[in-house]
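Have the sequence and the 3D view ready.

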Amino acid sequence: MGIMRILDATGDTTVTWSVQDAATRERAEAVFEQMLKKRHLAFAVPEGGRAEDAERVRTFDPDAAEIIWVRAIQGG
Amino acid sequence: MVGADLQFVERFEDGRQLLRFTEGVLAGRTVMAFPESDFIYLSPYERAERLLVTLLNPDQEQAWRSTKTFRITTLYGTVELGRIFDIGYWPGADVELRLCVLPQGKRLPEPDIWTNLLLVLTHDPRHFFTVANWRRPHGQWYRAPVPGFE
């Protein structure tokens, strides 16, 4: 079971998938591609991992435990 | 079988269950069932803070709970996240700068801002300092990049 968290005004919107379930996996992969097109940044976090354990990812890995989508940054 | 038209697929450690419809127009589709205890209303701030805390190490978490700030050590010095428009940066002994960096786009709950900056700063610190506007303590603001990251 994997979960994607997309940061937004609600805190985050989640998309979950199961490796065994093609429909949920394909939907999650489609969301991943949409977020890439928006130039957001994906970090895969292993189960129980901290920020330093996260890894920047550019392709959807259905075996990932958690993927957090953040935005590009700019000077404020 | 869980019910007349639901088949058990997988149970997760946190109590969630993956179920599959076996009959009707939803046959073959799956649904995630959450424990009743999961249905606690969280404000966007609380939800964002829950996520942020999962990414902090024990020292950072303790600092966040007591001061709503936490520090990150990078190759280029220490950064203190927690104050919008006033991020502390100590590139070396006796040198302090204040930075302003934000996620692009619509406003996020404040802990999400720190989650966003924490992940980018941890994994691409040079980029963080390249886009940060900066000032000396009590000084005027300058546009990015921070000195040394031109």
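How do the residues of the lining of the second largest pocket divide into nonpolar, polar and charged? They divide into 6 nonpolar, 5 polar and 2 charged; here Ala, Val, Leu, Ile, Met, Phe, Trp, Tyr, Cys and Pro count as nonpolar, Asp, Glu, Lys and Arg as charged, and the others, Gly among them, as polar.

Please keep in mind that this is a predicted model, where local features need pLDDT of at least 70, side-chain atom pairs count only at pLDDT 80 or more, and totals for chains, interfaces and linings use all residues. Residues are numbered from 1 along each chain as its sequence is written, chains are lettered from A and ligands numbered from 1 in the order in which they are written, and side-chain values use heavy atoms, with hydrogens and water left out.

**The second largest pocket**

- The second largest pocket has a volume of about 160 Å³. A pocket is an open set of points on a 1 Å grid over the protein atoms alone, where a 1.4 Å probe fits, with protein on both sides within 12 Å along at least five of seven lines; lining residues have an atom within 4 Å of a point. A volume is the space filled by probe spheres set on the points, which are joined across faces, edges and corners.
- Of its 13 lining residues, A:Glu52, B:Ile72, B:Thr73, B:Thr74 and B:Thr122 are the closest to the centre.
- Strand S4 (70-74) and helix H3 (110-123) of chain B are the elements that each give two or more residues to this lining. Helices (H or I, at least four residues) and strands (E, at least two) are DSSP runs, numbered from the N terminus.
- S4(B) gives the most to the lining of the second largest pocket, with 4 residues.

**The largest pocket**

- The largest pocket holds about 1200 Å³ of space.
- It is lined by 28 residues, and A:Ile3, A:Arg5, B:Asp14, B:Arg16 and B:Phe34 are the closest to its centre.
- H1(B) gives the most to this lining, with 4 residues.
- Sorted by class, the lining of the largest pocket has 11 nonpolar, 7 polar and 10 charged residues.

**Helix H3(B) and the cores**

- In H3(B), 11 of the 14 residues are buried, meaning under 20% relative accessible area, while exposed is over 50% and partly exposed is in between (1.4 Å probe, protein chains only).
- The buried residues of H3(B) include B:Trp114, B:Leu117 and B:Leu118.
- The largest nonpolar core has 41 residues, and B:Leu81, B:Leu99, B:Trp114 and B:Phe128 have the most contacts inside it. H3(B) gives the most to this core, with 7 residues. A nonpolar core is a set of buried Ala, Val, Leu, Ile, Met, Phe, Trp, Tyr and Cys residues joined through side-chain atoms within 4.5 Å.
- A second, separate core of 15 residues includes A:Val31, A:Ala44, A:Val57 and A:Ile67.

- A:Ala42 sits in strand S3 (residues 41-45) of chain A. A:Ala42 counts as buried because its relative accessible area is 1%.
- Beyond its neighbours within four places in sequence, A:Ala42 is in contact (heavy atoms within 4.5 Å) with residues including A:Phe32, A:Val57 and A:Trp69.
- B:Glu23 lies in the loop between strand S2 (17-21) and strand S3 (30-33) of chain B. B:Glu23 has 47% relative accessibility, so B:Glu23 counts as partly exposed.
- The C-alpha atoms of B:Glu23 and B:Leu81 are separated by 52 Å.
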